[in-house]
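Please look over the sequence and the structure before reading on.

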Amino acid sequence: MNPQDATLAAYERGVQQYTEGTSTAPAPEVDALLARVPRGAHVLELGSGPGRDAAALESAGLTVDRTDGATAFVDALRAAGHQARVLDVRAEDFGGPYDAVFANAVLLHVPRMDLPGVLATARRACRPGGVLVASFKKGEGEAWTHVKLDDPRHFTYWDEAGLTAALRMAGWTPEQVAESTLPTAAERWITVIARNVASPLPIDPAVPRSGDLAETGRNGTDRRALARSPDPET
Ligand SMILES: C[S@@+](CC[C@H](N)C(=O)[O-])C[C@H]1O[C@@H](n2cnc3c(N)ncnc32)[C@H](O)[C@@H]1O
């Protein structure tokens, strides 16, 4: 089983364990999104999990489409009275157009070379001028962990330069890519805020997806920027 499938399987089996072990306080990224969209905005949430952030966004007057790759999370959200759908971030179409895409601690399970393609799909789901808010673990390389769940989950770690390159490759205009680690946090985090400034594009086969190891992406972007950790100043 590949790392993403194994990670999803860990969530499928561990919904209750994950929910009980996760804070009910909304992520700080909720406020970052609320500061950028008007009341009534329609938001696609990727990897809603227990649904804490969707509830906070709806309390503030937004409409949220709850989704998750794990059927067990979708079932739990529906049992709690919410509409929710199964959506794997590896899908080629996320629906929309939405005013924003919100993905807190979700895209960190995507392999490094696949992230530009996933971000491009998210951008196609977003109206022109729409916003992306997402968070990632900060660090180098990738790792498996048994923290929180009995079954292992796989994480890809990022730095600011790598995420900025991935966003640009996917056609997003980065507004903020910055460390957001809270003083009490056990791990370091990066929050990403980006705009869909460009007009919508059709599906572009040149945007890398799974297994595509070409080193030059669309617009001549050097994809090797994703494989190394360049100096954030450059
Ligand atoms: C670390 S949890 C975060 C959950 C929620 N966003 C939060 O902040 O509490 C990661 C979430 O991503 C979901 N997930 C993992 N792989 C996925 C995939 N390939 N497609 C969609 N969701 C996925 C998991 O089921 C889980 O709900």
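## Threonine 67

Which residues does threonine 67 touch, leaving aside those up to four places away in sequence? The contacts of threonine 67 are Leu44, Glu45, Leu46, Ser48, Ala84, Arg85 and Leu87. The model shown here is predicted.

Threonine 67 belongs to strand E2, which covers residues 63-68. Threonine 67 counts as buried because 25 other C-beta atoms lie within 10 Å, and the cut-off for a buried residue is 20 or more. Aspartate 88 is 21 residues from threonine 67 in sequence, and the two C-alpha atoms are 8.3 Å apart in space.

## The chain overall

The chain holds seven helices and nine strands. Of its 234 residues, 41% are buried. Among contacts with a separation of 6 or more, 63% join residues 24 or more positions apart.

## Helix H1

Helix H1 runs over residues 3-20 and has 18 residues. From first C-alpha to last, H1 reaches 24 Å, close to the 26 Å expected at 1.5 Å a residue.

The buried residues of H1 are Thr7, Leu8, Ala10, Tyr11 and Val15. They pack against helix H4 (71-79) and strand E7 (153-156).

In soluble globular proteins, nonpolar side chains tend to be buried together. The largest nonpolar core in this model has 52 residues, and Ala100, Val101, Leu107, Leu132 and Val192 touch the most other members. Elements that each supply at least two residues of this core include helices H2 (29-34), H3 (52-59), H5 (115-124) and H6 (160-169), together with strands E1 (42-45), E4 (98-103), E5 (126-137) and E9 (189-195). E5 gives the largest share of this core, six residues.

Which residues does valine 101 touch, not counting residues up to four places away in sequence? They are Leu44, Leu46, Ala122, Ala125, Cys126 and Leu132. Another core, of 10 residues, lies apart from the largest one, and its members include Leu8, Tyr11, Val15 and Val74.

## Helix H5

Helix H5 is mostly covered, with 10 of its 10 residues buried. These are Leu115, Pro116, Gly117, Val118, Leu119, Ala120, Thr121, Ala122, Arg123 and Arg124. The cover over the buried residues of H5 includes E4, E5 and H6.

## Around the ligand

How many residues surround the ligand? There are 24, and the closest are Tyr11, Gly47, Gly49, Gly69 and Ala70. H1 and H3 are the elements that give two or more residues to this shell. The largest share, four residues, comes from H1.

By class, the shell around the ligand has 10 nonpolar, nine polar and five charged residues.

## Arginine 39

Is arginine 39 buried or exposed? Arginine 39 counts as exposed because 9 C-beta neighbours lie inside 10 Å, and the cut-off for an exposed residue is 12 or fewer. Arginine 39 sits in the loop between H2 and E1.

Alanine 60 is 21 residues from arginine 39 along the chain, and their C-alpha atoms are separated by 7.2 Å.

Technical notes. Residues are numbered from 1 along each chain as its sequence is written. This is a predicted model: local features need pLDDT of at least 70, side-chain atom pairs count only at pLDDT 80 or more; totals for chains, interfaces and linings use all residues. The expected span of a helix is 1.5 Å times one less than its number of residues. Two residues are in contact if their C-beta atoms, placed from the backbone, lie within 7 Å. A nonpolar core is a set of buried Ala, Val, Leu, Ile, Met, Phe, Trp, Tyr and Cys residues joined through C-beta atoms within 7 Å. A residue is near a molecule or strand if its C-beta atom, placed from the backbone, lies within 6 Å of it. Ala, Val, Leu, Ile, Met, Phe, Trp, Tyr, Cys and Pro count as nonpolar, Asp, Glu, Lys and Arg as charged, and the others, Gly among them, as polar.
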